[in-house]
Amino acid sequence: MAEESDRVLISRARSGDARALEALVRRYLRPAFAVALAFLRSPTDAEDLAQEALMVSLQRLDQCRNPEHFASWLLQSVRHRAINQLNQRKVQARLIDGPQHGATVEPVAAQLDLRQQLIAALEQLTLVQREVVLLHDLEGWTHREIATALDFSEVTSRQTLFVARHLLRAALANDSQEEARHDS
Amino acid sequence: MTHDRIDFSPLDPKRDPERFERMVHQVLQGARAATGPAQLLLEFLRWGRLGLAAAALIALAVWLPRLRADKMQISESGSTRGDNVVALVSTWARSGEVPTNVDVIQTLGELDGR
């Protein structure tokens, strides 16, 4: 069965259709998580933020003027929330005046598991590179979808993905070498 | 190959289906909690407003003809009273009868509508 468009789902959700609401949650929870992770670099924080942003966006569906651009509208909300959270972290860190609290990445240890390795490797990328590579490789969005949601061209999306993957592979290879050295 | 996907499955929230379902459920619960009653209230207000407008229209439709009828009645009774006064004063004039002060005051009072 063909997937229903955002416009149809949003229209049904607005009129109180619980199934449409659920379909929207299932469709957009992971993309919201991907963008949140690109900013926060902490899966747990990203999950919380994605849930919160999606929940609030669904509560305010009436304010989404163009349902066809729901993805863009939602991800913009995720970004704003993520930026606010990062700013709060900075303020807290300044107030505590100690080592960075709420640091997003665990210190590189010899026995980094794959999850931590990926997060550490993502650190090497710019914010946009992280957004693109996560939306493409984690969520499986097309370049067209990414370009629409993040408001740039498909060519930019392709180029950004190419560079991001290259940097990630290099960072992951370095981690593996360090791990091998530590083991021997 | 550089063009191959990076395997982000260790970071994928769907990696743990139970946990992912809990996340979906929490979002749905939060979205419904805020939209459900609010939407009902909005519907109620929307219909309430319509009902109020309809009631106002009905009241106006009933009240306007009554108001007009009352006005006509008042103007009719006013002219009758005026006619009576004129007739009485003419009678006095014709007969040369001098009305008492009480009669004059009563007659003028009637003319005044009191």
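Is A:W73 buried, exposed or partly exposed? I looked up its relative accessibility, which is 27%, so A:W73 counts as partly exposed (buried is under 20% relative accessible area, exposed over 50%, partly exposed in between, with a 1.4 Å probe and protein chains only).

Ground rules. I worked on a predicted model, where local features need pLDDT of at least 70, side-chain atom pairs count only at pLDDT 80 or more, and totals for chains, interfaces and linings use all residues. Residues are numbered from 1 along each chain as its sequence is written, chains are lettered from A and ligands numbered from 1 in the order in which they are written, and side-chain values use heavy atoms, without hydrogens and water.

Aromatic pairs. A:Y28 and A:W141 are edge-to-face, with 6.4 Å centre to centre and 90° between the planes. A:Y28 lies in helix α2 of chain A and A:W141 in the loop between α6 (127-138) and α7, so the pair ties together parts 113 residues apart in sequence (helices are DSSP runs of H or I, at least four residues, and strands of E, at least two, numbered from the N terminus). A:Y28 is buried at 5% relative accessibility, and A:W141 is buried at 8%.

I then checked A:F70 and A:W73, a tilted pair with 5.9 Å centre to centre and 50° between the planes. Both lie in helix α4 of chain A, 3 residues apart, about one turn of the helix. A:F70 is buried, at 0%. I noted that A:Y28, A:F70, A:W73 and A:W141 form one aromatic cluster.

Terms used
Rings of Phe, Tyr and Trp (its six-membered ring) pair if their centres lie within 6.5 Å; planes under 30 degrees apart count as stacked, over 60 as edge-to-face and the rest as tilted.
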